[in-house]
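Dear colleague,

I am passing on the structure below, together with some notes on its salt bridges and its backbone. Please read them alongside the model.

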Amino acid sequence: MSFKGIVRELKEIKDGTGSTSKKGVEGKRWLSRNRSHIAPDVALFKPIQQGNWANLPPELLLDIIRRVEESESSWPARTVVVFCASVCKSWRDVTKEIVKTPEECGRLTFPISLKQPGPRDEPIQCFIKRDRSTSTYRLYFGLTPSEESDKLLLAAKRIRRATSTDFVVSLVADDFSRASNTYVGRLRSNFLGTKFTIYDCEPPNDAAVLHNSRSSRRFNTRQVSPRLPAYNYSVATVSYELNVLRTRGPRRMNCVMSSIPVSSIQEGGTAPTPTSFPQCYDDKSSSLRISEGKDSALNFSSRKLSSSSLTPPLSGEPLVLKNKAPRWHEQLQCWCLNFKGRVTVASVKNFQLVANVDSSLNISAAEQEKVILQFGKIGKDIFTMDYRYPLTAFQAFSICLSSFDSKPACE
């Protein structure tokens with residue numbers, strides 16, 4: 001079979017018209033969800049090694065997937081790369097080996113890419129759509145909204161409480177349960193809306209993985225996925241300066257990235273880059289037993305969801321970000337920032353973040369002036385979000401979500 005024929009066959013598998021093995025009702029539902037969302041990095045059941053697809057020679061398989069990865073560089077065509085990893089275990093292992101991190105290639109492919117730092121040179125450009133009626137916010141990949149090629153990356157739902165506001169972040173736009181395997185993390189504010197804490201459901205680095213112990217609590221596979229977040233890892237705090245005198249001007253914000261060392265922006269420095277989601281499987285129930293004619297249930301044990309938070313260990317001082325000071329435009333009579341055409345509507349929510357480092361550190365002036373994250377309005381309920389190394393898509397999205405919460409004491 002030619003290379004184009006293989007790509008065509010993979011697209012048929014993606015669309016559900018190819019010859020694939022049956023994996024039960026739950027597998028079909030999962031496949032249908034993957035058509036519009038990035039597939040989570042944890043399979044619902046063990047991949048099946050069978051047929052000619054799984055028995056290809058390793059050299060041929062490596063060449064096929066490498067050519068597919070190089071040819072399908074943008075969404076939605078890049079969906080084929082995701083489905084290469086969904087064929088079977090051998091295909092998945094080779095695909096994960098070939099696909100580089102966003103820092104290396106500037107592309108987002110698997111869900112773990114959303115937890116990995118962006119590229120160093122050019123930012124990854126995204127946009128956010130706000131739905132006021134449902135209090136939801138959706139992060140899409142791309143320059144501007146387009147109904148045909150919009151690629152959903154993350155979604156968040158705002159939940160108001162008596163003393164705080166929560167933004168629950170998920171991989172999909174229709175499931176914000178913390179018991180779901182699509183749960184990514186959350187953002188929580190204080191009572192005044194001046195301080196926000198970003199919680200990640202997974203540790204930001206592989207060395208901080210905690211192993212869950214068994215308990216007597218049991219769940220059905222339809223209620224809870226095999227990957228259940230048991231902790232909230234505090235990875236950053238976002239603070240807004242109080243405007244006591246009620247003076248006119250932009251908001252002043254400060255972000256302490258407790259999971260990213262300041263050395264990451266120094267020459268030769270690195271930021272935490274997880275390679276996969278930690279597996280929270282019980283050894284005896286890590287695979288589903290599918291009986292003929294019946295959907296089997298998976299008895300899965302886990303700790304009770306904990307409201308306590310853990311801060312992963314960090315070597316050195318954390319990276320601190322501050323909003324870039326705008327300049328006053330006499331003719332327009334407003335505060336202005338150079339967003340390079342990415343922001344077109346004036347808003348108090350618009351901001352650019354740069355590194356706030358001590359002069360004693362060996363960090364060049366150009367690096368200190370480099371915009372790491374910028375966020376701004378381009379239309380009614382539509383905002384752009386551009387981020388780069390060392391921030392991840394999840395961290396950048398969470399920081400931008402803090403700008404949506406009302407802050408009467410800061411304006």
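A salt bridge here is a side-chain nitrogen of Lys or Arg within 4 Å of a carboxyl oxygen of Asp or Glu. This is a predicted model, in which local features need pLDDT of at least 70 and side-chain atom pairs count only at pLDDT 80 or more, while totals for chains, interfaces and linings use all residues. Residues are numbered from 1 along each chain as its sequence is written, and side-chain values use heavy atoms, with hydrogens and water left out.

Salt bridges

Side chains of opposite charge can pair when their charged atoms come close. By the cut-off above, the structure holds 13 salt bridges, and a network of them links Arg-161, Asp-166, Arg-186 and Arg-188.

Another salt bridge joins the side chains of Arg-78 and Glu-69 at 2.7 Å, N to O; here Arg-78 is buried at 1% relative accessibility, and Glu-69 is buried at 9%.

Arg-67 and Asp-63 also form a salt bridge, their closest N and O atoms being 3.9 Å apart. Both residues lie in helix H4 (residues 58–71), 4 residues apart, about one turn of the helix; helices (H or I, at least four residues) and strands (E, at least two) are DSSP runs, numbered from the N terminus. Arg-67 is partly exposed at 39%, and Asp-63 is partly exposed at 34%.

Backbone

Most residues other than glycine have a negative phi, and most peptide bonds are trans. Against that background, the peptide bond from Tyr-389 to Pro-390 is cis, with omega near 10 degrees, and Pro-390 sits in the loop between strand E17 (382–387) and helix H9 (393–402).

Which value does phi take at Asp-381? It is positive, near 60 degrees, in a residue other than glycine; Asp-381 is placed in the loop between strand E16 (373–379) and E17, and it is buried at 12% relative accessibility. Lys-340 has a positive phi too, near 55 degrees, and lies in the loop between strand E14 (334–336) and strand E15 (351–355), where Lys-340 is exposed, with a relative accessible area of 72%.

Methods:
Buried means under 20% relative accessible area, exposed over 50%, partly exposed in between (1.4 Å probe, protein chains only).
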